[in-house]
There are 2 protein chains.
Amino acid sequence: MPKAQITIKDIARELQVSVSTVSRALNDSPDLSAATKKKVQDYAKLHHYNPNFLALSIKKRESTIIGVIVPEVTHHFFASVVEGILEVADREGFSVLLFRSHEQYDKEVRSVQRLLSSRVCGVLTSVAKETTRYDHFQELVDNDIPVIFFDRICVDIPTNRVVIDDYAGALTATEYLINTGCRKIAFFCSPMHLEISKNRRGGYMDALRKHGLPVDHDLIKICDNYDDAIPVATEMLQSENKPDAFFAVNDETALGILHATKQLHFKIPDEVSICGFTDGFAAIASDPQLTTVGQNGFDVGVSAMELLLERIRYKGADAMLKNRIIRTKLIVRETTR
Amino acid sequence: MPKAQITIKDIARELQVSVSTVSRALNDSPDLSAATKKKVQDYAKLHHYNPNFLALSIKKRESTIIGVIVPEVTHHFFASVVEGILEVADREGFSVLLFRSHEQYDKEVRSVQRLLSSRVCGVLTSVAKETTRYDHFQELVDNDIPVIFFDRICVDIPTNRVVIDDYAGALTATEYLINTGCRKIAFFCSPMHLEISKNRRGGYMDALRKHGLPVDHDLIKICDNYDDAIPVATEMLQSENKPDAFFAVNDETALGILHATKQLHFKIPDEVSICGFTDGFAAIASDPQLTTVGQNGFDVGVSAMELLLERIRYKGADAMLKNRIIRTKLIVRETTR
DNA sequence: TTGAAAGCGCTAACAA
DNA sequence: TTGTTAGCGCTTTCAA
């Protein structure tokens with residue numbers, strides 16, 4: 001923060017009025033002569049006066065900066081969420097302090113620390129894969145800073161959450177696979193301590209049960225990225241217990257499976273069906289185009305931000321432990337029958 | 001910023017010492033008895049004291065928040081840049097206030113305004129497509145706030161820049177197409193007022209000239225996204241003047257062209273070669289996999305942030321109008337011979 | 001080794 | 001209608 005920008009004090013001095021007069025004029029206070037007000041406002045505009053948000057925050061003990069921590073910015077889903085958040089924030093006059101945990105616990109803790117020191121008025125976050133303790137988030141709550149979890153939520157802390165309807169999304173997708181004739185459906189997902197993994201697996205399993213299909217645990221793999229998916233899928237496809245369909249926790253993984261399947265010259269979707277989760281641009285770019293469960297990240301961001309605004313504005317209105325569920329949509333393209 | 005967090009004043013009161021003692025202890029000042037220092041530090045730790053960055057900034061007249069404005073967070077390249085920035089920022093103790101212009105001039109102006117009010121210590125940005133006036137950026141410079149442009153730079157303002165080597169990238173890619181036998185190479189790019197368009201077109205044209213090929217302006221289109229590319233490419237492929245290669249300003253556009261080409265059943269790469277620019281995940285997901293000019297967004301972000309740190313730390317060291325050029329790398333995959 | 005006090009930019013009683 | 005003043009959390013002279 002170099003060469004100080006112009007302050008109300010500067011204006012007061014130049015215009016030979018008191019700082020409070022300037023403050024009132026700039027805040028368009030009613031008890032002020034129109035002439036004075038105009039004089040000050042004109043001068044301010046002319047000299048590009050910008051209110052110092054830092055001073056304002058410290059004085060009014062409330063800031064207009066919200067903190068956001070995401071695991072990874074380059075993941076299409078999280079990038080969309082951030083865009084949704086920025087959209088609402090911009091409209092409502094808030095700014096966003098962004099952090100990336102890179103899936104690491106200690107980075108997440110450090111980010112929370114900075115957020116605390118920055119006196120943000122709220123935090124929106126999706127927890128890192130590595131994280132299994134939640135004291136840092138609890139500290140935010142203890143300091144009365146509203147926390148909204150989205151997607152990768154933390155069930156230990158009672159607060160607002162915005163989740164994708166993982167269970168329903170997985171159930172619908174799996175049922176679709178079953179209804180199109182698949183019988184041995186493999187499931188690739190993230191580590192099981194994450195709620196989204198539990199929920200998606202729940203949907204997957206219930207779909208199988210509902211249709212009288214056995215749950216084969218050899219068909220369930222912890223594998224959630226492109227590179228790892230290729231060898232894992234290859235091995236499964238060459239085994240005795242070859243699946244006739246794959247359902248993956250994200251598009252990258254599904255596309256890795258697709259790659260492996262094509263290399264082994266299996267017909268898609270006739271011999272092997274594949275379904276992803278997310279619906280990023282790559283799902284359209286692939287050939288055959290990927291069937292996937294679309295999760296609208298932008299809406300998640302918008303909802304999370306809206307929930308936060310409610311918390312900030314009607315703080316009296318107790319609890320407000322509202323949750324929001326964002327519906328998914330099965331987008332059938334070419335990797336399923 | 002709800003229920004005030006603990007302050008040095010609270011600590012001073014509880015410990016029956018003065019605020020200056022607390023301040024000194026927390027800053028590990030040498031002229032203080034070890035006992036007092038320890039007492040204060042222990043108390044602070046125990047009670048989760050977090051220094052108030054706002055107060056600090058206002059007092060020291062320097063903040064540790066940098067502003068970043070990108071056109072779009074969901075574009076893979078920009079998301080990578082943001083990650084690079086966050087990486088260095090985190091390591092060096094800075095926080096990032098993120099804005100998205102959504103390619104709109106007025107949003108960009110509003111973002112700069114907020115950055116000014118937030119008293120950030122520097123700004124990293126890539127200008128919106130819509131932007132043709134630069135007063136808002138000039139205002140940052142006028143207030144001695146270091147501005148670093150990356151990728152979509154602004155040549156009117158003398159400051160640091162980090163650019164992709166667009167010219168060389170385009171030249172290399174075009175030459176590769178020529179060397180593999182392509183003779184009628186179409187070029188799809190963004191609006192011409194952007195420097196990146198000029199530079200990439202420059203590389204494209206120079207490659208043609210160097211190899212004695214004519215520049216056919218019917219083969220140059222302003223078209224830079226997936227959806228628009230499909231009809232435009234389709235029409236070209238059905239015309240008399242059918243190109244035997246396409247070079248596009250980004251992967252999305254190249255993938256749109258790929259889609260159109262496949263629909264018309266042209267053999268790729270034998271009848272039609274395609275080359276993109278960026279190298280996002282979709283380039284790997286596509287089939288055939290996309291040949292593209294890889295631009296390392298992460299490195300751009302890292303370089304931009306490093307340049308900013310130099311500016312902040314050695315502000316005396318005059319000018320420092322260093323630029324950084326990030327090299328591209330032609331990644332040959334399956335859409336070229 | 002410690003404390004008192006001023007001041008960063010701003011707002012909001014309280015006075016005038 | 002306007003000014004004076006205190007104070008938000010903190011650092012930093014200057015004194016003690």
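Two parts of a structure are said to be in contact when they have heavy atoms within 4.5 Å of each other. The structure described here is a predicted model, in which local features need pLDDT of at least 70, side-chain atom pairs count only at pLDDT 80 or more, and totals for chains, interfaces and linings use all residues. Residues are numbered from 1 along each chain as its sequence is written, and side-chain values use heavy atoms, with hydrogens and water left out.

In chain A, 12 residues of domain 2 are in contact with 15 residues of domain 3, and the centres of these two domains of chain A, taken over C-alpha atoms, are separated by 29 Å. The bounds of the domains, which come from an automatic or database domain assignment, are listed below.

| Domain of chain A | Residues |
|---|---|
| domain 1 | 8-51 |
| domain 2 | 63-164 + 297-327 |
| domain 3 | 166-295 |

Between them, domain 2 and domain 3 of chain A bury about 1,100 Å², 58% of it on carbon and sulfur atoms, where buried area is the accessible area (1.4 Å probe) that two parts lose on being put together, summed over both. Of the area that domain 2 of chain A buries against domain 3 of chain A, 46% is supplied by A:H76, A:K129 and A:I164, more than any other three residues supply.

In chain B, helix α1 (residues 8-15) packs against helix α3 (residues 34-46) at an angle of about 120 degrees, and their axes lie 11 Å apart. Helices here are DSSP runs (H or I, at least four residues) numbered from the N terminus, and their axes are lines fitted to C-alpha atoms over the stretch in contact, with angles running from 0 to 180 degrees between N-to-C directions.

Technical notes. Chains lettered and ligands numbered in written order. Helix = DSSP H or I, 4+ residues; strand = E, 2+ residues; numbered from the N terminus.
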